[in-house]
Amino acid sequence: MKDFESPGGDGDGDGMSCPGPSIGLACTFSLYGRSAEPFVSFVLYHAKVGVDVFFLFMDTPEKDKKVLEAVDRLRGQLSRLFPAQKKSLHVFERSPALFALYEELKLSSLRQHAHTFSSEVVSRQMVNAEFAVLKALEQGLDWILHIDMDELVGVGLPPPEREGGDGDVCSLKTYLGRLEAE
């Protein structure tokens, strides 16, 4: 298990220690040209509850230009909001180049779903999730979660007590750390 720092209530990064496993999150999504706000909220919420690395797969990049424009701003927000943590955001656009990379890596799920990859979102989710697992292993992450953009990971733990903050930072790390200890 690794230790991560959580920002203090004043946001200067000298806050409480946040022991727990390192966590990645994978998500295949499309906003079909709508606002980037759901994307931004999704990432910020999960960063706050303990996700360290995001692997986000854009299913319709040609329609989601607003998301691409928001990515750099969001990376800056993550750095400001979580200065002592090393949060990272990786966005992959669905493209022939990404499909070729999947073929080159010989992903087992691609062999199973190659015939439906372009037509079924569930097929793409499975292949993207396998790719995210490989990336998570490369980065030494302890856990990888796969959810949809319209879902939020919630844990049934009381938030850690902490002065000057709303207390829900690291609850996912605490929960997964307890699972590992059992």
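## Overall composition

Two residues are in contact when heavy atoms of theirs lie within 4.5 Å. In this predicted model, 70% of the contacts in the protein chain with a separation of 6 or more are between residues 24 or more positions apart.

The protein chain holds 6 helices and 6 strands. Read from the N terminus, the order of elements is β-β-β-α-β-α-β-α-α-α-β-α. Of the 182 residues in the protein chain, 45% are buried.

## The parallel sheet

Four strands form an open sheet with parallel pairing, in the order β5-β4-β3-β6. Strands β5 (88-93) and β6 (143-146) are at the edges, and each of them pairs on one side only. On average, neighbouring strands of this sheet are turned by 15 degrees against each other, with direction ignored.

Strand β3 covers residues 23-29 and pairs with β6 in the parallel sense over 4 bridges. Within this pairing, W143 of β6 is the bridge partner of I23.

## Helices on the sheet

Helix α6 (residues 171-181) packs on the sheet and touches β3 and β6. The direction of α6 makes about 120 degrees with that of β6.

Helix α5, formed by residues 121-138, lies across β3, β4 (53-58), β5 and β6. Relative to β4, helix α5 runs at about 150 degrees.

## Nonpolar cores

The largest nonpolar core comprises 30 residues, and F29, F39, V43 and L56 are those with the most contacts inside it. Two or more residues of this core come from each of β3, α1 (37-49), β4, α2 (65-81) and α6. The biggest contribution is that of α1, which gives 7 residues.

Another core, of 15 residues, lies apart from the largest one. Among its residues are F55, F57, L107 and F131.

## Surroundings of F29

Which residues is F29 in contact with, leaving aside its neighbours within four places in sequence? The partners of F29 are F39, L56, F57, M58, D59, T60, V67 and M149.

Terms used
Residues are numbered from 1 along each chain as its sequence is written. This is a predicted model: local features need pLDDT of at least 70, side-chain atom pairs count only at pLDDT 80 or more; totals for chains, interfaces and linings use all residues. Side-chain values use heavy atoms; hydrogens and water are left out. Buried means under 20% relative accessible area, exposed over 50%, partly exposed in between (1.4 Å probe, protein chains only). Two strands pair if DSSP finds at least two bridges between them. Axes are lines fitted to C-alpha atoms, for helices over the stretch in contact, and angles run from 0 to 180 degrees between N-to-C directions. A nonpolar core is a set of buried Ala, Val, Leu, Ile, Met, Phe, Trp, Tyr and Cys residues joined through side-chain atoms within 4.5 Å.
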